[in-house]
Amino acid sequence: MAFEYLEREEAGDRDRMKATVHVILKNGVLDPQGEAVRHALGASGFAGVNGVRQGKVIELDLADGTTEAQVTEMCEKLLANTVIESYRIDMS
Amino acid sequence: MKAAVIVFPGSNCDRDLAVAFRAAGADVDMVWHKDTALPDNVDIVGVPGGFSFGDYLRCGAIAANAPIVGALRAHADRGGYVLGICNGFQVLTETGLLPGALLRNAGLKYVCKTVGLRVETSQSAFSEGYNAGDVVDIPIAHHDGNYFADTATLDRLEGEDRVVFRYTDNPNGSQRDIAGILSDNRRILGMMPHPERAADAGHGGTDGTALFRALAGQLTSA
């Protein structure tokens with residue numbers, strides 16, 4: 001029984017597609033939130049933090065067969081504003 | 001002048017904008033974001049302030065993909081006029097109808113106060129009721145009004161006389177003190193300050209009235 005259960009879990013895992021999209025302000029775009037975090041780290045006694053850039057992580061739970069090209073399209077159209085942000089896609 | 005004001009979930013200056021348009025003599029229709037068409041013969045579309053879709057993802061990003069935006073683009077492509085205020089400016093940059101982007105205020109704080117704006121050009125249907133060099137008092141109320149564009153874009157905006165308003169005392173870190181810009185055909189204005197909140201004596205100031213009157217004058221005779 002236990003073995004069958006495990007097998008189903010693994011099969012289920014194989015059916016799930018995920019993409020993780022990392023979005024962050026481009027270099028050269030001032031990140032006041034990152035700057036505030038850097039100051040707070042310094043004030044908390046953590047020395048040696050020369051810079052902080054704050055971004056976001058967006059996890060997509062995708063239908064089987066979704067391609068990276070489609071995820072790229074999602075990033076270009078909605079998930080990132082490429083005027084100010086860059087993005088990276090990890091498919092898994 | 002026939003105006004339409006788009007209403008998104010979270011818009012909160014839509015009725016103020018409609019009141020300001022009507023006070024200038026416009027017929028105004030409110031248009032829900034799920035509609036796919038604008039009323040016939042609309043001269044100008046107002047994209048109002050507020051917090052469309054809760055500012056989720058980025059300010060204006062989800063609104064910029066709403067069903068009505070197809071009709072907004074078609075209106076702009078036909079040479080129709082568009083006025084985006086505050087969140088409406090953010091929506092217009094997210095759609096690409098105006099260049100640049102609005103970042104978090106450099107001071108990280110939401111700023112709500114009346115500020116001085118210098119009118120940089122009277123060469124537009126929006127600003128011909130002012131003289132270049134006039135300083136007007138208009139309220140701002142935003143957390144993400146820090147105008148950003150790359151240097152080439154900023155140079156082009158200035159070279160083409162498309163910066164309409166600059167802050168006299170920059171409240172948010174905007175590059176080159178920019179508070180409002182025009183599209184290349186000068187028929188789309190995006191601005192962070194709220195002229196519709198300075199359009200009635202009861203507001204405590206009426207410096208915004210000239211913008212709506214100028215529009216009404218232009219678009220009625222057109």
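Predicted model: local features only at pLDDT ≥ 70, side-chain atom pairs only at ≥ 80, totals over all residues.
Me: OK, how many helices and strands does chain A have?
Reply: Chain A has three helices and three strands, and if you follow chain A from the N terminus, its elements come in the order α-β-α-β-α-β.

Me: And in what order do the strands sit in the sheet?
Reply: The three strands of chain A form an open sheet in the order β2-β1-β3, and their pairing is antiparallel. The edges are taken by β2 (55-62) and β3 (85-91) of chain A, each of which pairs on one side only, and from one strand to the next the twist averages 20 degrees.

Me: How many bridges are there between β1 and β2 of chain A?
Reply: Strand β1 (residues 17-25) of chain A pairs with β2(A) over eight bridges, in the antiparallel sense, and if you want a place to look, His22(A) stands opposite Val57(A) in β2(A).

Me: Which helix packs on that sheet?
Reply: That is helix α3 (residues 68-79) of chain A, which touches β1, β2 and β3 of chain A, and whose direction makes about 155 degrees with that of β3(A).

Me: Switching topic, what share of chain A is buried?
Reply: Of the 92 residues in chain A, buried residues make up 11%.

Me: And which residues have the most contacts inside the largest nonpolar core?
Reply: The largest nonpolar core has 77 residues, and those with the most contacts inside it are Ala3(B), Val5(B), Ile6(B), Phe21(B), Ile44(B), Val82(B) and Leu215(B). Another core, of six residues, lies apart from it and includes Ala19(A), Val71(A), Cys75(A) and Leu79(A).

Me: Last one: how many residues does each chain bring to the contact between A and B?
Reply: Chain A brings nine residues and chain B brings 11 residues. On the side of chain A that touches chain B, the largest share, three residues, comes from helix α2 (residues 32-43) of chain A.

Me: Which classes are those chain A residues in?
Reply: The side of chain A that touches chain B has seven nonpolar and two polar residues, with no charged residues.

Technical notes
Residues numbered from 1 in each chain as written. Chains lettered and ligands numbered in written order. Contact = placed C-beta atoms within 7 Å. Helix = DSSP H or I, 4+ residues; strand = E, 2+ residues; numbered from the N terminus. Nonpolar A, V, L, I, M, F, W, Y, C, P; charged D, E, K, R; others polar. Core = buried A, V, L, I, M, F, W, Y, C linked by C-beta atoms within 7 Å. Buried ≥ 20, exposed ≤ 12 C-beta atoms within 10 Å, placed from the backbone. Pairing = 2+ DSSP bridges. Axes fitted to C-alpha atoms, helices over the stretch in contact; angles between N-to-C directions.
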